[in-house]
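Visitor: I would like to learn how to read a protein model. Please take the features one at a time.

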Amino acid sequence: MIKDKINALLLLSGKKQIDAAITFEMSRESFNNKLRAADTRFNTSDLIKIAEMTNTTLSFVDKNGRIIVDLTPEDLKKDS
């Protein structure tokens, strides 16, 4: 199910798996293998990268549709 949603997001944003593979600095085949095991092989950092490349956000939204928290690439930066 996660695989299908990631594929749909890529398709809706006009991106292909090769674009994602480039973002993840891996071959298309390696990305496809990662995608096939998406339930266990994608972490928060990966999902933030996909959101960034598809010009979307990774957010927690309450049941009323209000965004509670956005996760962004800034969240991946370590404190110095």
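Guide: We begin with a definition: patches are made of residues with over 30% relative accessible area and no salt bridge, where like charges are joined within 9 Å and nonpolar side chains (Val, Leu, Ile, Met, Phe, Trp, Tyr) within 5 Å. Accessible areas come from the Shrake-Rupley method with a 1.4 Å probe, and for residues only the protein chains shown count as cover. A salt bridge is a side-chain nitrogen of Lys or Arg within 4 Å of a carboxyl oxygen of Asp or Glu. In this structure, Phe60, Ile68 and Val69 form a nonpolar surface patch with about 280 Å² of accessible area together.

Visitor: What should I know about the model itself?

Guide: The model is predicted: local features need pLDDT of at least 70, side-chain atom pairs count only at pLDDT 80 or more, and totals for chains, interfaces and linings use all residues. Residues are numbered from 1 along each chain as its sequence is written, and side-chain values use heavy atoms, with hydrogens and water left out.

Visitor: How many helices and strands are there in the protein?

Guide: Helices (H or I, at least four residues) and strands (E, at least two) are DSSP runs, numbered from the N terminus. The protein has five helices and two strands, and along the sequence they follow the pattern α-α-α-α-α-β-β. Its C-alpha atoms fill a box of roughly 35 × 35 × 25 Å, taken along the principal axes.

Visitor: Where in that pattern is isoleucine 68 placed, and is isoleucine 68 buried, exposed or partly exposed?

Guide: Isoleucine 68, one of the patch residues, is in strand E2 (residues 67-71). For exposure, buried means under 20% relative accessible area, exposed over 50%, and partly exposed in between (1.4 Å probe, protein chains only). Isoleucine 68 has a relative accessible area of 45%, so it is partly exposed. Of the 80 residues in the protein, 22% are buried.

Visitor: Which salt bridges does a search of the whole structure find?

Guide: The search finds three salt bridges. In one of them, the side chains of lysine 34 and aspartate 46 meet at 2.9 Å, N to O. Lysine 34 lies in helix H3 and aspartate 46 in helix H5, so this pair ties together parts that are twelve residues apart in sequence. Lysine 34 is buried at 9% relative accessible area, and aspartate 46 is buried at 7%.

Visitor: And the other pairs?

Guide: Aspartate 62 and arginine 66 meet through their side chains at 3.7 Å, N to O. Here aspartate 62 is partly exposed at 24% relative accessibility, whereas arginine 66 is exposed at 54%. Glutamate 74 and lysine 77 form a salt bridge at 3.0 Å, N to O. Glutamate 74 is exposed at 52%, and lysine 77 is exposed at 53%.

Visitor: How do I read a pocket, and which residues line the largest pocket?

Guide: Rolling a probe the size of a water molecule over the atoms shows where empty space is left. On a 1 Å grid over the protein atoms alone, a pocket is an open set of points where a 1.4 Å probe fits, with protein on both sides within 12 Å along at least five of seven lines; lining residues have an atom within 4 Å of a point. Grid points are joined across faces, edges and corners, and a volume is the space filled by probe spheres set on the points. The largest pocket holds about 200 Å³ of space. Its lining consists of Ile2, Lys5, Ile6, Leu9, Leu47, Ile50, Ala51, Thr56, Thr57 and Leu58. Helix H1 (2-12) and H5 are the elements that give two or more residues to this lining, and H1 gives the most, with four.

Visitor: What is positive phi, and where does it turn up?

Guide: Most residues other than glycine have a negative phi. Glutamate 25 has a positive phi of about 55 degrees although it is not a glycine. Glutamate 25 sits in the loop between helix H2 (17-23) and helix H3 (28-36), and is exposed at 74% relative accessibility. Asparagine 55, also not a glycine, has a positive phi of about 60 degrees. Its place is the loop between helix H5 (44-53) and strand E1 (58-61).
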